[in-house]
Amino acid sequence: MTDDFLTLTQMDTGVQYLDHSDERVFFQWLASITCVGKFFGDGSRGLVVQLRHAPDDDELKQLLALCHRYGAKTRQLAKFETDANREWLHQPEAWWYAGLFGDAV
């Protein structure tokens, strides 16, 4: 897998922290997701998250939940769709679907 495939950018776009403790919890949660290797701010690319490997189901659910909780955009996580996770990802009634796939069917 290429570095580009495992790199998420603008992970802070739309994020709203309620206070400094909330910001700390965001980064603690992000760091606790096993597939996350490192993250850093990079000017126009915003918060960049580099993954060690493509997320498994649990890791992908954690990334989706983190983004949902803090209002980050999730569309770039759609690239981690596989034959194995397609069934649970493509549930139009699921809370993650609209952010992940928008109007895609």
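Helices, at least four residues long, are DSSP runs numbered from the N terminus. In the predicted model described here, Leu64 has its place in helix H2.

The protein contains four helices and three strands. Followed along the sequence, these elements are arranged in the pattern β-α-β-β-α-α-α. The radius of gyration of the protein is 13 Å, close to the 13 Å given by the globule rule for 105 residues, and the protein is therefore as compact as a globular protein of that length. The C-alpha trace spans about 35 × 30 × 25 Å along its principal axes.

Of the 105 residues, 35% count as buried. The accessible surface of the protein amounts to about 6200 Å², and carbon and sulfur atoms account for 52% of that surface. Among contacts in the protein with a separation of 6 or more, 58% are made by residues 24 or more positions apart.

When residues up to four places away in sequence are not counted, Leu64 touches Thr74, Leu77, Trp88, Leu89, Trp95, Trp96 and Leu100. Helix H3 covers residues 86–89, and helix H4 covers residues 97–101. Leu64 and Tyr17 are 47 residues apart in sequence, and their C-alpha atoms are 17 Å apart in space.

Asp22 is located in helix H1, which comprises residues 20–32. With a relative accessible area of 9%, Asp22 is buried. The side chain of Asp22 makes a polar contact with the side chain of Arg69 at 2.8 Å. The side chain of Asp22 also reaches the backbone nitrogen of Leu18, at 2.9 Å. Apart from neighbours within four places in sequence, the residues in contact with Asp22 are Gln16, Tyr17, Arg69 and Tyr70. One of these, Tyr70, is 48 residues from Asp22 along the chain, and the C-alpha atoms of the two residues are separated by 9.4 Å. Helix H2 consists of residues 57–70.

Thr7 belongs to strand E1, which is formed by residues 7–8. The relative accessibility of Thr7 is 12%, so this residue counts as buried. Not counting residues up to four places away in sequence, Thr7 touches Arg45, Val48, Val49, Gln50, Gln76 and Lys79.

Gln10 occupies the loop between strand E1 and helix H1. Most residues other than glycine have a negative phi. In Gln10, by contrast, phi is near 55°, a positive value in a residue other than glycine. Gln10 counts as partly exposed, at 32% relative accessibility.

Two further loop residues were examined. Ala84 lies in the loop between helix H2 and helix H3. Its relative accessibility is 70%; since exposed means over 50%, Ala84 counts as exposed. Ala84 and Asp57 are 27 residues apart in sequence, while the distance between their C-alpha atoms is 9.0 Å. Gln91 is found in the loop between helix H3 and helix H4. At 28% relative accessibility, Gln91 counts as partly exposed. A polar atom of the Gln91 side chain lies 3.2 Å from the backbone oxygen of Trp88.

Conventions:
Residues are numbered from 1 along each chain as its sequence is written. This is a predicted model: local features need pLDDT of at least 70, side-chain atom pairs count only at pLDDT 80 or more; totals for chains, interfaces and linings use all residues. Side-chain values use heavy atoms; hydrogens and water are left out. Helices (H or I, at least four residues) and strands (E, at least two) are DSSP runs, numbered from the N terminus. The radius of gyration is taken over C-alpha atoms; the globule rule is 2.2 Å times the number of residues to the power 0.38. Buried means under 20% relative accessible area, exposed over 50%, partly exposed in between (1.4 Å probe, protein chains only). Contact means heavy atoms within 4.5 Å. Accessible areas come from the Shrake-Rupley method with a 1.4 Å probe; for residues, only the protein chains shown count as cover. A polar contact is a pair of N or O atoms within 3.5 Å; within protein, one must be able to donate a hydrogen and the other to accept it, and residues adjacent in sequence count only if both atoms are side-chain atoms.
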